[in-house]
Amino acid sequence: MELITGLLIPFLGTTLGSACVFFLKDELHRLVQKGLLGFASGVMVAASVWSLLIPSIDMAEPVMGTLSFVPAAVGFVAGIFFLLGMDRVIPHLHLNEEQPEGVPSHLKKTTMLVLAVTLHNIPEGMAVGVVFAGLLAGTGGITISGAIALSVGIAIQNFPEGAIISLPLKSEGGSRKTAFLYGMASGIVEPVAAGITILLTGIVTPLLPYLLSFAAGAMIYVVIEELLPEASEGEHSNISTIGFAAGFLIMMILDVALG
């Protein structure tokens, strides 16, 4: 039961954020968007360090000793290049951009906006899945509190993400219900990715340190390549800096206090 709850908490965050379309008339103010994007970045960076990279190193230390950094380094680089490849292949459109990325396609703008958020959610789902896989395997000192803390942290940053995707979809001319469903659908990839990751790690437990750092690399790629540039463009980038600090602090406290 705890496993299912942990996998669904991030999806709940996206769903609740998408539901903002029923209560707000227009898109979020640009300054609010900047702050929320910075906040999401801070949560993801803190989660990558405390929930993924450090457990990866701790898990490898009994076997590899002073070389325990190797799985973390290899997995981290692999995660970066995995998302780089996905970014080049999947057609998607970032918020406030006119030019889509990925292979040329004839998809609607709204569909490509959803794909952009879905691309963000893949590493987040993997992160939750691999942490719960470590919990099930009983390795690396991962506790149920720590695993739930990661799920809650990602759910917190998914809430503004759901709002940021659903409100523009409504502004594009869609109904509130359609915008909500699109926003919610962008988050369904998280429990799916988490479930697949758990199945993989259940087959080959020694891969856990690599998969933990792989998810960290993928999450850091999303932060540096997409979230922070969107949060920092134009004026008042200090708002995103404050948001980043708040997100990082909250996630750090959650992970250390509960983990």
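Which residues does Thr 15 touch, not counting residues up to four places away in sequence? The points below start there and then move along the chain.

1. **Ground rules.** This is a predicted model, in which local features need pLDDT of at least 70, side-chain atom pairs count only at pLDDT 80 or more, and totals for chains, interfaces and linings use all residues. Residues are numbered from 1 along each chain as its sequence is written, and side-chain values use heavy atoms, with hydrogens and water left out.

2. **Thr 15.** The answer to the opening question is Phe 180 and Met 184, leaving aside residues up to four places away in sequence; contact here means heavy atoms within 4.5 Å. Thr 15 sits in helix H1, residues 2-18. Helices are DSSP runs of H or I with at least four residues, numbered from the N terminus. With a relative accessibility of 14%, Thr 15 counts as buried (buried is under 20% relative accessible area, exposed is over 50%, and partly exposed lies in between, using a 1.4 Å probe and protein chains only).

3. **H2 against H3.** Two packed helices are described by the angle between their axes and the distance between the axes. For H2 and helix H3 (residues 69-89), the angle is about 140° and the axes are 7 Å apart. That makes H2 oblique to H3. The axes are lines fitted to C-alpha atoms, for helices over the stretch in contact, and angles run from 0 to 180 degrees between N-to-C directions. Angles under 35 degrees count as roughly parallel, over 145 as roughly antiparallel, 65 to 115 as roughly perpendicular, and the rest as oblique. On the H2 side the contact is made by Leu 53, Ser 56, Ile 57, Ala 60 and Met 64, and on the H3 side by Val 70, Pro 71, Ala 72 and Phe 76.

4. **Ser 56.** Ser 56, in helix H2, is worth a look in your viewer. Ser 56 is buried, at 0% relative accessible area. Beyond residues up to four places away in sequence, Ser 56 touches Pro 71 and Ala 72, and also Pro 209, Leu 212 and Ser 213.

5. The structure holds 4 aromatic pairs. Rings of Phe, Tyr and Trp (its six-membered ring) pair if their centres lie within 6.5 Å; planes under 30 degrees apart count as stacked, over 60 as edge-to-face and the rest as tilted. Trp 50 and Phe 248 form an edge-to-face pair, because their ring centres are 5.5 Å apart and their planes stand at 75°. Trp 50 belongs to helix H2 (residues 30-64) and Phe 248 to helix H9 (residues 238-258), so this pair ties together parts that are 198 residues apart in sequence. The rings of Phe 244 and Phe 248 are stacked, with centres 6.3 Å apart and planes at 20°. These two phenylalanines are 4 residues apart in helix H9, so about one helical turn separates them. Trp 50 is partly exposed at 25%, as is Phe 248 at 23% and Phe 244 at 24%.

6. **Ser 105.** This residue is found in the loop between H3 and helix H4 (109-137). Ser 105 is partly exposed, with 32% relative accessibility. Ser 105 touches Pro 91 and Met 112, again not counting residues up to four places away in sequence. Its C-alpha atom is 41 Å from that of Gly 146, a residue 41 places away along the chain.

7. **H5.** Helix H5 (residues 144-171) has 28 residues and reaches 41 Å from its first C-alpha to its last, close to the 40 Å expected at 1.5 Å a residue. The expected span is 1.5 Å times one less than the number of residues. A kink of about 25° lies at Asn 158, shortly before the proline Pro 160; the bend at a residue is the angle between axes fitted to the seven residues ending there and the seven starting there. Of the 28 residues of H5, 21 are buried, so H5 is largely enclosed by the rest of the structure.

8. **H8.** The 25 residues of helix H8 (residues 208-232) should span 36 Å at 1.5 Å a residue, and the end C-alpha atoms, 34 Å apart, agree with that. H8 bends by about 40° at Val 223. H8 is mostly covered, with 19 of its 25 residues buried. Gly 234, which follows H8, has a positive phi near 80°.
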